[in-house]
Amino acid sequence: MSNIDAFRRAQIDLKNRQRLLNNRFGDMSPIDNNKLPNMPQGSVVILSKRIKDILKLIQESTAEDGKEIPFILYGKTEGQLVHFTDIDADIDNLQTTEADFSNLTQGLQDFINKSKKDGTDIVAHGHSHGKSMNNYHLNFSLGDMNAYKDMRLNNEVFRTGKIELCSCLLTDGNYNFLFFDGNDYYKFNEVYVQAENGDIIEKLPCYKSNNNNILRNIFRGRGG
């Protein structure tokens with residue numbers, strides 16, 4: 001590791017520590033959502049209805065048994081729009097409350113191998129959180145942030161932006177997407193569901209938002 005890379009990682013770690021809601025739980029310590037900067041205005045995540053339905057089932061399963069479910073979303077970027085149309089999830093290997101991505105690595109590698117690596121493909125590294133008495137489940141943990149940082153900085157295709165990378169936390173009905181550019185983390189505050197005909201049919205709650213308005217035709221014809 002170069003001195004520049006080590007310094008960069010130290011700066012990221014410092015930002016994470018400064019954003020903690022509580023630092024008593026090690027890697028499980030929660031990050032304060034309100035201290036995370038926002039993506040630029042106009043940055044939007046769009047999920048196909050099929051993806052949204054699967055993510056809803058993941059949330060419901062986690063609510064029932066308290067186990068974190070790992071998943072990876074695959075999609076494309078178009079300017080400030082991110083479209084996710086495919087998913088790989090592991091619901092059969094729920095031995096602990098921590099998400100285990102080991103069964104998803106081959107699918108990820110297959111996607112990387114097939115990608116044109118021109119910056120238009122994107123991956124979302126995601127998992128669910130079960131409810132906790134102190135509501136810390138609503139937040140990414142310090143361990144989540146570190147894993148996301150390492151996934152980007154330790155993998156050449158993500159580090160160089162040949163394939164973009166973001167993260168997703170499903171928790172208590174929220175669809176929290178987070179982008180890491182190698183220096184800092186940024187929240188997506190606009191997450192929508194797109195029907196097969198191209199209509200935008202639903203706005204999903206994120207970062208404790210309760211806005212669930214039905215929006216139609218806003219992004220029709222922009223892919224998905």
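**Notebook: sheet and helix packing**

I began with the secondary structure, which comes to five helices and nine strands in the chain. I note that the model is predicted. Read from the N terminus on, the elements run α-β-α-β-β-α-β-α-α-β-β-β-β-β.

I next looked up the strand order. The nine strands form an open sheet, ordered β7-β6-β5-β4-β2-β3-β1-β8-β9, with mixed pairing. I found β7 (185-188) and β9 (200-203) at the edges; each has a single partner strand, so one side of each is left without a neighbour in the sheet. From one strand to the next, I recorded a twist that averages 30 degrees.

I then examined one pairing in detail. Strand β1 (residues 44-48) and strand β8 (residues 191-194) run parallel and are joined by four bridges. Within β1 and β8, I located Ile46 opposite Tyr192.

I turned to the helices that pack on the sheet. Helix α2 (residues 49-65) touches β1, β2 (70-78), β3 (81-89), β4 (121-129), β5 (164-171), β6 (174-180), β8 and β9. The direction of α2 makes about 55 degrees with that of β3. Helix α3 (residues 105-114) also packs on the sheet, and I listed β2, β3 and β4 as the strands it touches. For α3, the direction makes about 15 degrees with that of β2.

Of its 224 residues, 50% are buried. I took the contacts between residues at least 6 apart in sequence and found that 67% join residues at least 24 apart. The chain exposes about 11,100 Å², of which carbon and sulfur atoms supply 46%.

Note on methods: Residues are numbered from 1 along each chain as its sequence is written. This is a predicted model: local features need pLDDT of at least 70, side-chain atom pairs count only at pLDDT 80 or more; totals for chains, interfaces and linings use all residues. Side-chain values use heavy atoms; hydrogens and water are left out. Two strands pair if DSSP finds at least two bridges between them. Helices (H or I, at least four residues) and strands (E, at least two) are DSSP runs, numbered from the N terminus. Axes are lines fitted to C-alpha atoms, for helices over the stretch in contact, and angles run from 0 to 180 degrees between N-to-C directions. Contact means heavy atoms within 4.5 Å. Buried means under 20% relative accessible area, exposed over 50%, partly exposed in between (1.4 Å probe, protein chains only). Accessible areas come from the Shrake-Rupley method with a 1.4 Å probe; for residues, only the protein chains shown count as cover.
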